[in-house]
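Consider how charged side chains pair in the model shown here. The paragraphs below go through such pairs and how accessible their members are.

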Amino acid sequence: MLVSTAAVAVAVGLFVLVPLGLARDPAPLCVEEPQTFPEAGIEGWSGEQLENAATIVRTAATLGFPREGQILGVMTAMGESSLRNIDYGDWETRGFTNPDGSRTTSIGLFQQQDWWGSAEQRMDPATSATLFFDRLGRLPDWQAMEPSHAIHRVQVNTDRDYYSRFQADATAVVDALSGPCE
């Protein structure tokens with residue numbers, strides 16, 4: 001009987017303690033080190049997308065934007081380009097035109113048109129993020145606005161609620177990338 005009790009205790013210990021010992025905190029993410037980004041991604045965003053999100057987060061932080069501003073930047077790029085630095089835009093994909101009927105010239109992470117800057121500026125993730133944050137920073141009380149509405153005021157798109165669908169994902173990505181680098 002004593003042997004059976006000891007065997008049960010050892011078995012229970014193995015079933016409880018071994019899994020606990022194998023369970024580890026996930027490897028820390030570091031916004032400066034893309035190799036630390038999870039292969040499985042964050043909320044479905046991975047690889048190049050996370051690298052671009054990291055550039056947006058770093059740029060915003062360098063410019064003095066808090067977490068809320070960083071989230072708006074990532075939300076915008078999610079909505080505009082799926083966090084991909086693309087060299088085409090709304091004209092090529094949907095035939096959209098500007099209000100005056102001219103072709104759109106949208107490119108880059110933020111799908112910025114010619115009036116935002118040169119093609120080189122708009123295709124450079126850090127520079128295009130800077131262009132976005134410069135305009136966001138000039139928007140009075142952007143922090144008090146609905147996030148999608150603030151973005152709409154900067155991006156001048158057709159639907160002020162369009163970016164709302166990206167808020168939860170952008171928040172998860174920014175929070176994951178904002179931890180301390182160990």
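At 38% relative accessibility, E48 is partly exposed, where buried means under 20% relative accessible area, exposed over 50%, and partly exposed in between (1.4 Å probe, protein chains only). The model is predicted, so local features need pLDDT of at least 70 and side-chain atom pairs count only at pLDDT 80 or more, while totals for chains, interfaces and linings use all residues. Residues are numbered from 1 along each chain as its sequence is written, and side-chain values use heavy atoms, with hydrogens and water left out.

The side chain of E48 meets that of R84 in a salt bridge, 3.3 Å from N to O; the term stands for a side-chain nitrogen of Lys or Arg within 4 Å of a carboxyl oxygen of Asp or Glu. R84 lies in the loop between α3 (67-81) and α4 (90-94) and E48 in helix α2, so this pair ties together parts 36 residues apart in sequence. Helices here are DSSP runs (H or I, at least four residues), numbered from the N terminus. R84 is partly exposed, at 36% relative accessibility.

Another is formed by E32 and R58, with the closest N and O atoms 3.9 Å apart. Because E32 sits in the loop between α1 (2-22) and α2 (48-62) and R58 in helix α2, the pair links parts 26 residues apart in sequence. E32 is exposed at 52% relative accessibility, whereas R58 is partly exposed at 27%.

D114 pairs with R122, the closest N and O atoms being 2.9 Å apart. Here D114 is partly exposed at 49% relative accessibility, but R122 is buried at 3%.

Definitions and conventions:
Helix = DSSP H or I, 4+ residues; strand = E, 2+ residues; numbered from the N terminus.
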